[in-house]
Amino acid sequence: MTGVSSPLDRFRQPEYTGENRCIPCTTVNAAIALVVSAAVATLNPLVGTAVLVVCGLAIYLRGYLVPGTPTLTKRYVPDWLLARFDKADLEPDDVDVPEEPEAVLLENAVVHPCVDVDDLCLETEVRAEWRARMDDLREGDRAHQLAAFFDVKAETVDLTVDDHVTARVDGRRVGRWESDAAMLADLAAHHVLSARVAAWESIPPRRQGMVAAGMRAFAESCPACEGPISITEDTVDSCCRSYDVRAITCEECSATVLEVTQ
Ligand SMILES: [Zn+2]
């Protein structure tokens, strides 16, 4: 998919395919395609096969077949079922660990119940360590820092920046962050957590990433510019669901520190 365009690209709907593909829409439409082409095949096997190929191509390129599928899915497929599809791409190691990142932070005295409000607050020492580590890393080269973190050669690390920052090692995706500020916060958090969380090394990397990201919910200033941060809540319509998105954003450099989708 690197800049090579084909006549088929005219039909592509990137908002419904690739990473944005909606599994419920694809499943429903694939079932419809199978039923229709099977029915046609009973009359004429050759035409039935042709229908199946055309439908398959349409679903592949456009994300769905029946016009208006995303709207219909959003309206008629219950939310709990749609949420289940979203969880399907979690790795098995997450399934065995029911603990919320917050629980890990609480158990290991990274956060504690706040004195004045009904919430959790960062341990004073943790806050200082985290901030100092972010200061150390802020101006450095992120690809080199990631290479050191994963213990690989810097040439094997590739960072892509679009609306997120995606890190790959040897072409394999190893992490994705809301912004450089978020990545910086997590690299620093890993350092702090490895010294505090019991048996940190034995926690699967993906899970470690979730705990580090969970720490960002307790950020008190912007990791990138140390400016004040604020929390916004928004409802976003994606392909076939409406999401509530809570975001922590920097008021000065507008970096997204954390984005949580529900
Ligand atoms: Zn900022």
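Predicted model: local features only at pLDDT ≥ 70, side-chain atom pairs only at ≥ 80, totals over all residues.
View 1. When residues up to four places away in sequence are left out, Val 152 touches Ala 147, Val 157 and Val 169. Val 169 is 17 residues from Val 152 along the chain, and the C-alpha atoms of these two residues are separated by 8.1 Å.

View 2. Strand E3 (residues 157-161) and strand E4 (residues 165-169) run antiparallel and are joined by five bridges. Val 157, one of the residues that Val 152 touches, has Val 169 as its bridge partner in E4. Val 161, in turn, is paired with Val 165 of E4, and the hairpin that leads from E3 to E4 passes through three residues.

**View 3. Strands E4 and E5, with the turn at Asp 170.** Strand E4 is also bridged to strand E5 (residues 172-177), again with five bridges and in an antiparallel arrangement. Arg 168 has Arg 173 as its bridge partner in E5. Two residues lie between E4 and E5 in this hairpin, and Asp 170, in the turn, has a positive phi of about 50°.

**View 4. The largest nonpolar core.** This core holds 33 residues, of which Ala 181, Leu 184, Ala 185, Ala 188, Ala 189 and Val 257 touch the most other members. At least two residues of the core are supplied by each of helix H6 (101-107), helix H7 (124-138), helix H9 (180-196), helix H10 (205-215), strand E7 (242-250) and strand E8 (256-261). Helix H9 gives the largest share, with 10 residues. Ala 188, leaving aside its neighbours within four places in sequence, is in contact with Trp 130, Arg 133, Met 134 and Leu 137. A second, separate core of eight residues includes Cys 22, Cys 25, Ala 33 and Ile 59.

**View 5. Helix H10 and what covers it.** The buried residues of H10 are Gln 208, Val 211, Ala 212, Ala 213, Gly 214 and Met 215.

View 6. In helix H3 (residues 69-76), the residues Thr 69, Pro 70 and Thr 73 are buried. These residues lie on the same side of H3, because they cover an arc of only 100° around the axis. In general, an α-helix has 3.6 residues a turn, so residues three or four places apart point the same way. The buried residues of H3 pack against helix H1 (23-43), whereas the face turned away from the buried side carries the exposed residues Arg 75 and Tyr 76.

**View 7. The protein chain as a whole, for placing the close-ups.** The chain contains 10 helices and eight strands, and of its 262 residues 24% count as buried. Among contacts between residues at least 6 apart in sequence, 57% join residues that are at least 24 apart.

Methods: Residues numbered from 1 in each chain as written. Helix = DSSP H or I, 4+ residues; strand = E, 2+ residues; numbered from the N terminus. Buried ≥ 20, exposed ≤ 12 C-beta atoms within 10 Å, placed from the backbone. Contact = placed C-beta atoms within 7 Å. Pairing = 2+ DSSP bridges. Core = buried A, V, L, I, M, F, W, Y, C linked by C-beta atoms within 7 Å. Arc of directions from axis to C-beta.
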